[in-house]
Amino acid sequence: MVNTIAIYTPLLHGLLKLAGMKPQAVELEPGTTVHFWIPTKPTNKPVVVLLHGFGLNGILTWQFQILSLAREYAIYVPDFLFFGESITDKPNRSPAFQAECIAMSLRKLGVEKCSLVGLSYGGMVGFVMAAMYPDLVKSMVVSGSVLALTESITSTGLQRIGFSSWNEYLLPETVEGVKNMLEIASYKLPWMPSFVFRHILEVMFDNRKERNELLDTLITKDKDFTIAHFSQSQNIHLLWGENDRIFNLEVAQNLREQLEGKAPLHCIKKAGHLVPMERPCFYNSQLKKILATIYH
C-alpha cells in the first residue's frame, strides 16, 4: 500500500504554494542547513514564525494556521534540525543551538523583527530564542510548553502519562506506540485505520539517533534552572488546550507565575496538547485576536 502521508505531503505543498508560500533551504555553513517555508514574494506584513513540536515537522504541525494567517501576516515555518530537511553535522543538540540556527536563518532571510508561535518543544526553543535575541523577537504565543524541561517537570509529566522517559513516548517504535502517543496528546483522537498509524511510523521518525540526543540534552537539572529575563514580558501569551495531559493547566499556571504573572492564559475547551491541530478554528480565532493586540 502506498504511504498516505507520502501522498498527502505533496498535496499540502501545492496548497501552501497557492497560499503564497515557497520552500527555502538556508545554508548557515557547510554541513548545517535549515529548511523553511516562507512567503513567495517580499512583503511588509508583520512576520510570524511558527515553531513546531517534537512529533511532526513544521508544515504538518501548522498547516491550518498557515492557511488561516497568510493573508494578514508573513508566515515563516522552519523545520528544527533533524526534522524535515533540516540537518547539521555539528554535535550540539541543545535548545540554544536550535534557537541560534533559527535566528541566524531568519536574519539571512531578511527578517528583522518577528513574533514567535511555539508548540511544546517549539515553545521551549522559542523562550531561549526570545532571551538570546530580544532585538529579533517582538512577542510570543506559547502552547503546551515550559521555560525549560526540568527534572521535576519531567518526573511529574511522565508519571501522569505513564511512560519512563520522553524518548520512549516521543520516539515510538511500533504502530501501537504511535497510536498511544497521539491518544495521549489529544483530547479525543478520531478513529483512524491502523495503516495510518503504520504510515506515520514509517515516515515521521527518521534521524532517531539525533532526536534521542535532542531529548537527552533537553532535560535540565532542577538546581541548574534559572528564569531568564524577557524584555517581551508584556507581549507573551499562553494559548492552552484545557485538557492537555502532558503539560496540564497547573503547568500553565506555574509558567504564568514564572513570567511574573504578566502573560495572559487563554484556554480552549475540549482540546489536548495538540490544540492547533485538534481545534484549529478555535485556535486560529484566539491566535488572530492575540496577534491583533500586538500589531494593531
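1. The model, which is predicted, holds one cavity of 30 Å³ or more. Lining that largest cavity are 23 residues, and those closest to its centre are Phe-54, Gly-55, Ser-120, Leu-170 and His-273. Two or more lining residues come from each of helix 4 (121-132), helix 6 (166-170), helix 7 (175-185) and helix 9 (208-218). By type, the lining of the largest cavity has 18 nonpolar residues, five polar and no charged.

2. The largest pocket holds about 580 Å³ of space. Its lining comprises 21 residues, with Leu-56, Gln-63, Met-192, Ile-200 and Met-277 closest to the centre. At least two lining residues are supplied by each of helix 1 (4-18), helix 2 (58-69), helix 7, helix 8 (194-203) and helix 11 (275-278). Helix 2 gives the largest share of this lining, three residues. The pocket lining divides into 16 nonpolar, three polar and two charged residues.

3. Trp-62 and Tyr-283 make a tilted pair, 6.4 Å centre to centre with 45 degrees between the planes. Trp-62 belongs to helix 2 and Tyr-283 to helix 12 (residues 280-295), so this pair ties together parts 221 residues apart in sequence. Trp-62 is buried, at a relative accessible area of 0%. Tyr-283 also counts as buried, at 0% relative accessibility.

4. The rings of Tyr-73 and Tyr-295 are also paired: their centres are 5.9 Å apart and their planes stand at 55 degrees, so the pair is tilted. Tyr-73 sits in the loop between helix 2 and strand 4 (74-78), while Tyr-295 is in helix 12, so the parts tied together are 222 residues apart in sequence. Tyr-73 counts as buried at 3% relative accessibility, and Tyr-295 as partly exposed at 22%.

5. One aromatic cluster is formed by Phe-54, Phe-80, Phe-83 and Tyr-121. Phe-54 was named above among the residues closest to the centre of the largest cavity.

6. The disulfide count is zero. Cys-101 is in no disulfide, and the nearest cysteine sulfur, that of Cys-114, is 15 Å away. Cys-101 is buried, with a relative accessible area of 3%. What keeps Cys-281 from a bond with the closest cysteine sulfur? The sulfur of Cys-281 is 19 Å from that of Cys-267, which is too far, given that a disulfide needs the two sulfur atoms within 2.5 Å. Cys-281 is exposed, with a relative accessible area of 65%.

Notes:
Residues numbered from 1 in each chain as written. Predicted model: local features only at pLDDT ≥ 70, side-chain atom pairs only at ≥ 80, totals over all residues. Heavy atoms only, no water. Buried < 20%, exposed > 50% of the residue type's maximum accessible area, 1.4 Å probe, protein only. 1 Å grid on protein atoms, 1.4 Å probe; cavity = no way out; pocket = protein on both sides within 12 Å on 5 of 7 lines; lining within 4 Å. Points joined across faces, edges and corners; volume = space filled by probe spheres on them. Helix = DSSP H or I, 4+ residues; strand = E, 2+ residues; numbered from the N terminus. Nonpolar A, V, L, I, M, F, W, Y, C, P; charged D, E, K, R; others polar. Phe/Tyr/Trp six-rings, centres within 6.5 Å; stacked < 30°, edge-to-face > 60°.
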